[in-house]
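Please view the sequence and the model together.

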Amino acid sequence: MLKTLEDLITLARERKSNPVEASYTNKLLEDKSLAKEKVLEEINELIEAVEQGTNKIHEAADVIYHLIIYLEKSGIKI
């Protein structure tokens, strides 16, 4: 699992340094407000999934991805 997180962090940093046209990751890296909105949205979806007992893993993965991108955009290194 740690390797997957490291790969995701590496991807975020690579996309920040070398943007790829039409990349969702780059769209988030370019728009801090959108990145923030997505973190909040995904956290709410995770809470709902946990409370309902559905789709928890998928929603947790979405939170982790969006949080990593938001932190990278904000200059916070993990």
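Helices are DSSP runs (H or I, at least four residues), numbered from the N terminus. This is a predicted model, in which local features need pLDDT of at least 70, side-chain atom pairs count only at pLDDT 80 or more, and totals for chains, interfaces and linings use all residues. Residues are numbered from 1 along each chain as its sequence is written, and side-chain values use heavy atoms, with hydrogens and water left out.

**Thr25**
- Thr25 sits in helix 2 (residues 24–30).
- Thr25 is buried, at 6% relative accessible area; buried means under 20%, exposed over 50%, and partly exposed in between (1.4 Å probe, protein chains only).
- Leaving aside residues up to four places away in sequence, Thr25 touches Arg15, Tyr65 and Ile69 (contact: heavy atoms within 4.5 Å).

**Salt bridges around Glu72**
- The structure holds six salt bridges, each a side-chain nitrogen of Lys or Arg within 4 Å of a carboxyl oxygen of Asp or Glu.
- One of them joins Lys16 and Glu72 (3.9 Å, N to O).
- Lys16 is in helix 1 (residues 2–17) and Glu72 in helix 4 (residues 56–73), so this pair ties together parts 56 residues apart in sequence.
- Glu72 also pairs with Lys77, with the closest N and O atoms 2.8 Å apart.
- Glu72 is buried at 4%, Lys16 is partly exposed at 39%, and Lys77 is exposed at 52%.
- A salt-bridge network links Arg13, Lys16, Glu72 and Lys77.

- Glu41 and Lys38 form a salt bridge, with the closest N and O atoms 3.0 Å apart.
- The two are three residues apart in helix 3 (residues 32–52), so about one helical turn separates them.
- Lys38 is buried at 15%, whereas Glu41 is partly exposed at 34%.
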